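Me: I have a chain open here and want to go through it. Can you take me through the main points, one at a time?

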Amino acid sequence: MPWHAKAVAAAAAAYVASPVDLLPDVVPYVGGIDDLLAVLIAVRRLITAAGYDVVREHWTGTDDGFGVLIVLAGVGTSRHHRAAPSSGTEE
């Protein structure tokens with residue numbers, strides 16, 4: 001996995017753990033949006049760099065949870081698991 005993908009994941013983890021946020025966590029419903037965006041950017045970078053299958057293999061949560069995560073990150077499974085065409089042409 002490229003170092004930059006790991007760096008983005010580490011930066012997202014540090015941002016989420018940090019008490020300093022762009023949107024204060026004390027604001028109901030809005031306070032966690034910046035943390036969520038940081039995590040989703042990191043997940044998107046990891047899936048792009050390592051591949052869907054590698055990230056899925058290391059996922060320890062539920063299948064539904066993983067599905068929600070990749071949809072929110074904007075890397076839905078349809079892009080990663082296309083069936084090979086049966087003939088040499090696609091429609």
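Me: Start with V43. Is V43 buried or exposed?
Reply: V43 counts as buried, at 13% relative accessibility. Buried means under 20% relative accessible area, exposed means over 50%, and partly exposed is in between, using a 1.4 Å probe and protein chains only.

Me: What sort of model is this?
Reply: This is a predicted model, where local features need pLDDT of at least 70, side-chain atom pairs count only at pLDDT 80 or more, and totals for chains, interfaces and linings use all residues. Residues are numbered from 1 along each chain as its sequence is written, and side-chain values use heavy atoms, with hydrogens and water left out.

Me: Back to V43. Which helix is V43 found in?
Reply: V43 is in helix α2. Helices are DSSP runs of H or I with at least four residues, strands are runs of E with at least two, and both are numbered from the N terminus.

Me: And what is V43 in contact with, leaving aside its neighbours within four places in sequence?
Reply: L69 and A73. Contact means heavy atoms within 4.5 Å. Separately, the C-alpha atoms of V43 and V75 are separated by 9.1 Å, and the two residues are 32 apart along the chain.

Me: Which residues make up the largest nonpolar core?
Reply: The largest nonpolar core has 10 residues: L40, V43, I47, Y52, V55, F66, L69, I70, A73 and V75. At least two residues of this core come from each of α2, α3 and α4. A nonpolar core is a set of buried Ala, Val, Leu, Ile, Met, Phe, Trp, Tyr and Cys residues joined through side-chain atoms within 4.5 Å.

Me: Why would they group like that?
Reply: In soluble globular proteins, nonpolar side chains tend to be buried together.

Me: What about I47 and L37, buried or partly exposed?
Reply: I47, in helix α2, is buried with a relative accessible area of 2%. L37 is also found in helix α2, but L37 is partly exposed, at 46%.

Me: How far is the C-alpha atom of I47 from that of A73?
Reply: 9.4 Å, with the residues 26 apart along the chain. For L37 and L72, which are 35 residues apart along the chain, the C-alpha separation is 9.3 Å.

Me: Moving to α4. Which residues are buried there?
Reply: F66, L69 and I70 are buried in α4, which spans residues 63-72. They cover an arc of only 90 degrees around the axis, so they sit on the same side of α4. The arc is that of the directions from the helix axis to the C-beta atoms.

Me: And the other side of α4?
Reply: D64, V71 and L72 are exposed there.

Me: What covers the buried residues of α4?
Reply: The cover includes α2 (33-50) and α3 (52-58). Just after α4, G74 takes a positive phi of about 80 degrees.

Me: How do α1 and α2 pack?
Reply: Helix α1 (residues 3-17) and α2 pack at an angle of about 165 degrees, with their axes 9 Å apart. Axes are lines fitted to C-alpha atoms, for helices over the stretch in contact, and angles run from 0 to 180 degrees between N-to-C directions. The two helices are therefore roughly antiparallel to each other, a label for angles over 145 degrees, while under 35 counts as roughly parallel, 65 to 115 as roughly perpendicular and the rest as oblique.

Me: Last one: how many helices and strands are there?
Reply: The chain comes to 4 helices and 0 strands, in the pattern α-α-α-α along the sequence.
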